[in-house]
Amino acid sequence: MTRPPPLLLLSLLLLLRIPGPCSGERSNSALEEIATEKEAEESHRQDSVSLLTFILLLTLTILTIWLFKHRRVRFLHETGLAMIYGLIVGVILRYGIPPTSGHDKPLSCSQEDRAYTTLLVNISGKFFEYTLKGEISPGKIHNVEQNDMLRKVTFDPEVFFNILLPPIIFHAGYSLKKRHFFRNLGSILVYAFLGTAVSCFIIGNLMYGVVKLMKLVGQLSDKFYYTDCLLFGAIISATDPVTVLAIFNELHADVDLYALLFGESVLNDAVAIVLSSSIVAYQPTGGNIHAFDAAAFFKSVGVFLGIFSGSFMMGVVTGVVTALVTKFTKLHCFPLLETALFFLMSWSTFLLAEACGFTGVVSVLFCGITQAHYTYNNLSVESRSRTKQLFEVLHFLAENFIFSYMGLALFTFQKHIFSPIFIIGAFIAVFLGRAAHIYPLSFFLNLGRRHKISWNFQHMLMFSGLRGAMAFALAIRDTATYSHQMMFSTTLLIVFFTVWIIGGGTTPMLSWLNIRVGVDPDQDPPPTNDSFQVLQGEGPDAERRNRTKQESVWIFRLWYSFDHNYLKPILTHSGPPLVTTLPSWCGLIARCLTTPQVYENQEQLRDEDSDFILNDSDLTLTYGDTTITANGSSGSHAAVTSLDGRKTKSSSEEALERDLGTEAPEVMSRGTRLVFPLDA
């Protein structure tokens, strides 16, 4: 007997014989149509009520946030409020609304060995189509499963990934503050990539020991493999310190600490989702699909690198295409169309990556960074304001919606599995994984950093490892098996604890660790005694700029020069004309890619640009009391002043101060500038 095709429309003939003449059959048919219409209206009403519930939750959250800000209450963040309101509504829906029976008696299909996505049922010659909702445990068939309202407020996990996550991730990239991010780029990359991998494997191995303990004491009722433990480690390693970052921003905490925490959380989400995809792709050869296989392991590593790099390229390419469209068209004359195109191109990046088998979170993140760096310069003033505000509002609503749904899901999700041993073990594993993530890596990073990551910074980074929207979205995406249901329930409790307890203790922790607050974003740490530095002026401002540039990652400095000379002039109206940077034989291409705005507003654009150029005459080094210029002459320290006594600076220096606040010697070589830090 051959098996039907994968998408089966299975016909079941139920013998429901209705006696009577044909007129009676027509009457019954009319009654059935009326009943169907009433059921559709009732379903529409329940859909409206469920959506209205979430809108009212968000409205109440916003009003309470205003009250907290007015009263200067900081012990509870807006996300914690949203979760509390979600919990209250979940209790009401679970225990305050009587169950409605919308199910007939169960039918047995013992001949089939698997569930089908679509089911076509033949009832007395009429065909009815049913779709798969998921497996129901026998004990819950006549319990919460009969409550239609609970099913209505339980969203498809794809809603989180395709609708709610894109604006949250894109806003993180679009609102990135480049200066402090790139100044700490090396440390951020180590924390985000290596740290997340370390945390994943430590948590996964510890949880595997917990699972073995549960099996030993008889608390494990189904299969729980080692790969499931690693998947839980990847899911729970996704940090989302939105509460801590909001308090940091409000109190103006130390900018380097903010940059480290924000940068790690932004890239950490991308790494966690790709890491979880790689673990799912782990498929050893042979009979035991959960045994260790070196070939399968390296294949998973390749999948990780392939997915991440492919997603990265797709996000960057989409941003570049948007930049070119906004540059070579006159969309800036129609701000509404310009904003709409920007919005659609940015959102489509996520869906395009998912459709191609990549990760939309990574794509939309780097699309946001690319749009902020290039496309933003081509937008009209009105569109710049609109896009910033649009994604800020979408980010706020989506994030609070997810946290409200977390509170709701604690009571409305119908497949919870709470195991005290697993929950306690997970909390311990998360703590140890975060500690192994922060302290050893900080030690090695301090070996190469000029301004060390101090112990109070490390303790704060350790404390700020909150879990949030990304961990929840990854956990709820697959709840089909016993192990995944237990992982989801545990993840939900960890998110509650970290947001309420750790998020609420941020302000006291800042005070206890003596971390600076009320800091000017442009202020840097106190100067240190260095014998070799760049002399671009006198006073604390010059010292700050000198230190900042020396601390920037050298590979970033190299890319920054290439970007200023070639990429920005090609993709935007900013930067120097290409005819001055490209070789003479590329003159035709340079004139085609350079728009008239570059020539008409060259000085203004140069001032607004965040890039820089240092000429040979600008380069002055000092060692001890000796000053050495680029042409080899030396002399004592002298500040160049104008006739009115003020220090003069080139426009490129001023542009650099605004963006990175950096100045350092560079080696010039026909259009390509190599920039290296002075200290190793």
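The following questions and answers concern a predicted model.

Student: What percentage of the residues of the protein count as buried?
Tutor: The protein has 25 helices and nine strands. Among contacts with a separation of 6 or more, 79% are between residues 24 or more positions apart. Of the 680 residues, the share that counts as buried is 48%.

Student: Which residues does Phe232 touch, not counting residues up to four places away in sequence?
Tutor: Phe232 is one of the residues with the most contacts inside the largest nonpolar core. Another residue named there, Met207, is also a partner of Phe232.

Student: Are the axes of H9 and H10 roughly parallel or oblique to each other?
Tutor: The axes of H9 and helix H10, residues 294–328, come within 9 Å and cross at roughly 140°. Angles over 145 degrees would count as roughly antiparallel, and those from 65 to 115 as roughly perpendicular. The pair H9 and H10 is therefore oblique.

Student: How many nonpolar residues are in the contact of H9 with H10?
Tutor: From H9, the contact uses Ala270, Val271, Val274, Leu275, Ser277 and Ser278, which meet Ser300, Val303, Phe304, Ile307 and Phe308 in H10. No charged residue is present, three are polar, and the nonpolar ones number eight.

Student: Which residues of H8 are buried?
Tutor: Helix H8, residues 242–251, is mostly covered, with seven of its 10 residues buried. What covers them includes H2, H9, H13, H15, H17 and H18. After H8 comes His252, which has a positive phi near 55°. The buried residues of H8 are Val242, Thr243, Val244, Leu245, Ile247, Phe248 and Leu251.

Student: How many charged residues are in the contact of H2 with H13?
Tutor: H2 and H13 pack at an angle of about 40° with axes 7 Å apart, and their crossing is right-handed. Residues meeting across the contact include Gly86 and Gly90 in H2, and Gly407 in H13. The contact divides into 12 nonpolar residues, seven polar, and charged residues numbering two.

Student: Is Ser199 buried or exposed?
Tutor: Ser199 is found in helix H6, residues 185–216. Leaving aside neighbours within four places in sequence, Ser199 is in contact with Ser237, Gly433 and His437. Its relative accessibility is 3%, and the limit for burial is under 20%, so Ser199 counts as buried.

Student: How far apart in space are Ser199 and Leu432, C-alpha to C-alpha?
Tutor: In sequence, Ser199 and Leu432 are 233 residues apart. In space, their C-alpha to C-alpha distance is 8.3 Å.

Student: What is the relative accessible area of Thr479?
Tutor: Thr479 lies in the loop between helix H16 (469–476) and helix H17 (482–504). Beyond four places in sequence, Thr479 is in contact with Phe413, Lys415, His484, Gln485 and Phe488. Thr479 is buried because its relative accessible area is under 20%, and the value is 12%.

Notes
Residues numbered from 1 in each chain as written. Predicted model: local features only at pLDDT ≥ 70, side-chain atom pairs only at ≥ 80, totals over all residues. Heavy atoms only, no water. Core = buried A, V, L, I, M, F, W, Y, C linked by side-chain atoms within 4.5 Å. Buried < 20%, exposed > 50% of the residue type's maximum accessible area, 1.4 Å probe, protein only. Contact = heavy atoms within 4.5 Å. Helix = DSSP H or I, 4+ residues; strand = E, 2+ residues; numbered from the N terminus. Axes fitted to C-alpha atoms, helices over the stretch in contact; angles between N-to-C directions. Parallel < 35°, antiparallel > 145°, perpendicular 65-115°, else oblique. Nonpolar A, V, L, I, M, F, W, Y, C, P; charged D, E, K, R; others polar. Left-handed = near helix turned anticlockwise from the far one by under 90°.
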